[in-house]
Amino acid sequence: MADALGRRVNQLIKHYRSWDLQRNRMMTESFDDLMNHFRDNMVGYENEEVLALLKQMEGLVASEALYHGWYGYSGIRPDINKLIAICEQLCNIRYSSHIEKMLLVVTKAEEENFLSNYYRYGVLSPGFCFPLELGKSLQEGGSTHINTYEFLRVLDLESILISLFPPDAVQMVNLRYLAIQAHDGSPHESISNLFNLQMLIISSRKNVVVPKTIWNMVNLRHLYIKSGENLIEEPVFLQVTGKDGCHSPSALASFQTLSQVSPRSCHNIFSWTPNLRKLGFCGPLISTQGDLEFPNLGSLVHLQKLKLLNTFPYPEATRSCNPILFPENLKKLTLSNTGMDWEEMWSFSLLPNLEILKLKFQACIGEIWETGDAEFRQLKVLKLHDLDIKQWVCLRDNFPRLQRVVVQRCLKLDCIPAALGKIFTLEVIEVNGCSLSSYTSAVEIQKEQESEGNNFLKVIGKQNF
């Protein structure tokens, strides 16, 4: 236990850094070092507010709970968010009036290291406005002095709603992280001015059109659009001469994430994104013949996570595509509104590296799922969400490595299959918003295992009726 905790602490340490621009050095800090850093730098600034914040930080750092659950299924723990909020408040007090150009950044990582090495917050020297004030200015449509934000690396406007993608933001060329919420979040072609940008997050009330100039942003790693059926214009790349003398297109080698994009605009772009690891389609994914279809992913040999959200209603149960069309290294697959017959699920058992399968709203239709002789050999997590299934029949051999089952808002499901209790690797059965009989059956599975001396299975349930 101690060794495991130590490893997790070491993983956490690397996500908390301070950057002293005057001395131009990066210091990797543990939580204790972070605590000591703030103690030392708040000397002379002590008041009731500062002392209270330091006391809260000291309590969090001393709490063992802070070090648990970073890579858990529920994402970043509230304790981590609380620590970051305290750091931000202390930065406001300490450095807003300091004569040095100090940028203190506290970074945080998601379950899959999605935000690893990205700045969470920036504090600037005297005469510099804080990002919050900049956000208010953009929201009110006021003028902004771009030179004021020369050192700004993070601009997070998700907490306020603005009308359009802010044109002034594209002049902040040191930005590494930009997040906005707008009525119309479509970026202007000048977005390519942000040549240092690594992560772009867009929340928009309207569907977004991403201009072709986005492909000139060679440092961009993650383009995350949160909702809608969005279009991305095809790239126009310069031709470069390779070692063999042949002309070959340049590629965005750093690009790793593309989400919530319409499949209609993706037929000719994936050869330019060879290292894409996370992809989400939102749009028509069912052919007129009732088959699941999406753009060719053959060039995406590093793709590990794929989300398919269909927006094309089909009057009958649909069919899956040939499993060979999925990348071999795919580890996580999410299906939503695809309306497939449960019998089609066998095709996904043929994905050799699939570890996480999420079936969301109407991903499959029908009352009975009989897994038959399908074997999901590597599957560790299975989630059923908002489905009309009534009966689930399976065997232990169908999921030999399953660790976690989550059943959520499947109101018609009678019970959790007793065979799940025979899976030696199963650790958690979670039943939320389902029938009381479903939750009761999960508890019975747990009791049966306990009677046989197996106390490792945990059952979680809430709002079951």
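## Exposure and the model

A residue is called buried when its relative accessible area is under 20%, exposed when that area is over 50%, and partly exposed in between. Asp-291 has a relative accessible area of 26% and is therefore partly exposed. The structure described here is a predicted model.

## Nonpolar cores

The largest nonpolar core holds 92 residues. The members that touch the most other members are Leu-279, Phe-281, Phe-326, Leu-333, Trp-392 and Phe-399. Strand β3, residues 154-164, gives the most to this core, contributing four residues. A second, separate core consists of eight residues, among them Val-50, Leu-53, Leu-83 and Cys-87.

The surroundings of Phe-281 may be described in detail. Leaving aside residues up to four places away in sequence, Phe-281 touches Val-261, Ser-262, Pro-263, Cys-266 and Phe-270, among others. The list of its contacts also includes Phe-294, Pro-295 and Leu-297, as well as Leu-306, Lys-307, Leu-308 and Leu-309.

## Salt bridges between loops

Side chains of opposite charge can pair when their charged atoms come close. Eight salt bridges are found in a search of the whole structure.

Another salt bridge is formed by the side chains of Lys-390 and Glu-367, with an N to O distance of 3.4 Å. Here too the pair links distant parts of the chain, 23 residues apart. Lys-390 belongs to the loop between β19 (381-385) and β20 (391-393), and Glu-367 to the loop between β17 (364-365) and β18 (368-370). The relative accessibility of Lys-390 is 32%, so Lys-390 counts as partly exposed. Glu-367 is also partly exposed, with a relative accessible area of 44%.

## A buried pair and a network

The side chains of Arg-404 and Glu-430 meet in a salt bridge of 2.9 Å, N to O. Because Arg-404 lies in strand β21 (residues 404-408) and Glu-430 in strand β22 (residues 428-432), the pair ties together parts that are 26 residues apart in sequence. Both Arg-404 and Glu-430 are buried.

Lys-422, Glu-448 and Glu-452 are connected with one another in a network of salt bridges.

Notes
Residues are numbered from 1 along each chain as its sequence is written. This is a predicted model: local features need pLDDT of at least 70, side-chain atom pairs count only at pLDDT 80 or more; totals for chains, interfaces and linings use all residues. Side-chain values use heavy atoms; hydrogens and water are left out. A nonpolar core is a set of buried Ala, Val, Leu, Ile, Met, Phe, Trp, Tyr and Cys residues joined through side-chain atoms within 4.5 Å. Buried means under 20% relative accessible area, exposed over 50%, partly exposed in between (1.4 Å probe, protein chains only). Helices (H or I, at least four residues) and strands (E, at least two) are DSSP runs, numbered from the N terminus. Contact means heavy atoms within 4.5 Å. A salt bridge is a side-chain nitrogen of Lys or Arg within 4 Å of a carboxyl oxygen of Asp or Glu.
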